[in-house]
Amino acid sequence: MRNILYIAIALFALVSCGNKASNVSPDEMASRAAKLYYENLLHGKCEAYIDGFYRPDSIPESYREQLIVSAKQYVGQMKKDHQGLVSVEAVGARTDTAKHVGEAYLLLGFGDKKKEEVVVPLVLHDGCWMLR
């Protein structure tokens, strides 16, 4: 099971990490990364969502498990309040590559037809946009 998680994270990194030769702007890369992280929640992949947060130091496995439980509770609360998360749409981003930070704007769609725009803070680490 853990191997599948590592493969999913590796594939995600390939998609979300900027290629210097690419014509894709840093804003677009940040927007795509944020969307992919939230799509992990949409598909119930709370472990991948939690592993998308930038942490300069390693954390104990017990703390990581608590974060995963918290993400699952967040998904459960969305199901209770709004009949669950059903769509994630990237609507833009603003980045500062000199400071290695940015924020992406996502439009979350819920089962009760409501929509909510959220601001996702990001940090650029080793060419990858990660959740802050």
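1. Let's start with leucine 122. Setting aside residues up to four places away in sequence, leucine 122 touches Ala30, Ala34, His100, Val101, Gly102, Ala104, Trp129, Met130, Leu131 and Arg132, where contact means heavy atoms within 4.5 Å. A word on the basis of all this: the model is predicted, local features need pLDDT of at least 70, side-chain atom pairs count only at pLDDT 80 or more, and totals for chains, interfaces and linings use all residues. Residues are numbered from 1 along each chain as its sequence is written, and side-chain values use heavy atoms, with hydrogens and water left out.

2. Leu122 also belongs to the largest nonpolar core, which has 30 residues; Tyr38, Leu41, Tyr49, Leu106, Leu108, Val120 and Leu122 touch the most other members. Such a core is a set of buried Ala, Val, Leu, Ile, Met, Phe, Trp, Tyr and Cys residues joined through side-chain atoms within 4.5 Å. At least two residues of this core come from each of α2, α3 (46-51), α4 (61-82), β1 (85-96), β2 (101-110), β3 and β4. Helix α2 gives the most, with seven residues.

3. For the overall layout, the protein has four helices and four strands, and from the N terminus on they run α-α-α-α-β-β-β-β. Helices (H or I, at least four residues) and strands (E, at least two) are DSSP runs, numbered from the N terminus. Among contacts between residues at least 6 apart in sequence, 49% join residues at least 24 apart.

4. How much of the protein is buried? Buried residues make up 33% of its 132 residues; buried means under 20% relative accessible area, exposed over 50%, and partly exposed in between (1.4 Å probe, protein chains only). The protein exposes about 8100 Å², with carbon and sulfur atoms supplying 54% of that area. Accessible areas come from the Shrake-Rupley method with a 1.4 Å probe, and for residues only the protein chains shown count as cover.

5. Now to the end of the chain. Strand β3 (residues 115-125) pairs with β4 in the antiparallel sense over four bridges, pairing being called if DSSP finds at least two bridges between two strands. The two strands form a hairpin with two residues between them, and aspartate 126 in the turn has a positive phi of about 50°. Leucine 124 stands opposite tryptophan 129 in β4. From β4 (residues 128-131), Cys128 and Met130 point one way, Trp129 and Leu131 the other, and all are buried.

6. Helix α2 (residues 26-42) holds serine 31. Is serine 31 buried or exposed? Serine 31 is buried, because its relative accessible area is 6%. Leaving aside neighbours within four places in sequence, serine 31 is in contact with Ala90, Gly92, Ala93, Ala104 and Leu106.

7. On charge pairs, the count is seven salt bridges, each a side-chain nitrogen of Lys or Arg within 4 Å of a carboxyl oxygen of Asp or Glu. In α2, glutamate 28 and arginine 32 lie four residues apart, about one turn of the helix, and their side chains meet in a salt bridge (3.1 Å, N to O). Glutamate 28 is partly exposed at 35%, and arginine 32 is partly exposed at 38%. Lysine 35 forms a salt bridge with glutamate 39, the closest N and O atoms being 3.0 Å apart.

8. Within it, the closest N and O atoms of arginine 64 and glutamate 65 are 3.5 Å apart. Arginine 64 counts as buried at 9% relative accessibility, whereas glutamate 65 is partly exposed at 36%.
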